[in-house]
Amino acid sequence: AEVLYKAMKGLGTDEDAILQLLTARSNAQRQEIKAAYKTLHGKDLVDNLMSELGGKFESLIATLMTPPIMYEVTCLRDAIKGAGTDEKVLVEILASRSPNEVNQIKSLYKRGNCVCVGCALFVAGEQKYGTDEGQFITILGNRSNAHLRRVFEEYRRLSGYEIEESIQRETSGTLQEVLLAVVKCARSVPGYFADSLYGAMKGAGTDDQTLIRIMVSRSEVDMLDIRAEFRKRFATSLHKMIQGDTSGDYRKALLLLCGGDDA
């Protein structure tokens, strides 16, 4: 807390001290630092950081300072408020989390008197697509990943098709996206996130929201596995791709969250 206070005191801000300290702590430790800062200085650490920082670096630091489940609930709320829905965010969060994590998200979401978006998505799917697709939804939404991998193997043996081929043939639109994401996560959650990170950075421009969301939310979960999958699937490392796609303090912080280079 003292290091951060000094980094923001007086003229100018020591961004390097801020990013080095915050990326080297777990989210639980960041919450303790935030509480200590309030006790010592009577101010909200996040408010102070936001007033000193700017741009993508500010967004990244704000995300690092938010408790994980709270952050995911905020992402879901933002994804469905206003005109239109950001299905990509709904799919990413709800398809990749364990049933226990989804239940925690639901419980926090409901406290804001909102309908759980996961239930809404799947109920809408069942109503819109009828019984056969409803079976897809029921099975994919209620089995563990290990169980699903055995189901996919048996499905291939019986039908001669991979489950993905059948989903592509039998469904379309958002439902297809959701089901394919669930299958991809059941096969490999790190592989799913490696693909998503590559998609966020390939070609012209960068999807910074997705980049920040995944790098922060997976930094304490399976970042090493994501890095390994990234290297296996693409002709470069995650570290190198971030390095080439971002700049400044934003880049420095993301690289610290990424860890080593698997080149």
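Into which domains is the chain divided? In this predicted model, domain 1 covers residues 1–66, domain 2 covers 97–187 and domain 3 covers 190–258.

The interface of domain 2 and domain 3 was examined next. The contact draws 4 residues from domain 2 and 5 residues from domain 3. Interface size is often expressed as the accessible area lost when the parts come together. Between domain 2 and domain 3, about 390 Å² is buried. Carbon and sulfur atoms contribute 59% of that area. On the domain 2 side, the greatest losses to domain 3 fall on R97, K184 and C185. Together these residues account for 87% of what domain 2 buries there.

Helix α11 spans residues 163–170, and helix α12 spans residues 173–187. The two helices pack at an angle of about 175°, with axes 10 Å apart. The angle exceeds the 145° cut-off, so α11 runs roughly antiparallel to α12. Helix α11 contributes I163, E164, I167 and Q168 to the contact. Helix α12 contributes Q176, L179, L180, V183 and R187. By class, the residues of this contact comprise 5 nonpolar, 2 polar and 2 charged.

Terms used. Residues numbered from 1 in each chain as written. Predicted model: local features only at pLDDT ≥ 70, side-chain atom pairs only at ≥ 80, totals over all residues. Heavy atoms only, no water. Axes fitted to C-alpha atoms, helices over the stretch in contact; angles between N-to-C directions. Helix = DSSP H or I, 4+ residues; strand = E, 2+ residues; numbered from the N terminus. Parallel < 35°, antiparallel > 145°, perpendicular 65-115°, else oblique. Contact = heavy atoms within 4.5 Å. Nonpolar A, V, L, I, M, F, W, Y, C, P; charged D, E, K, R; others polar. Domains from an automatic or database assignment. Buried area = accessible area lost by both parts, 1.4 Å probe.
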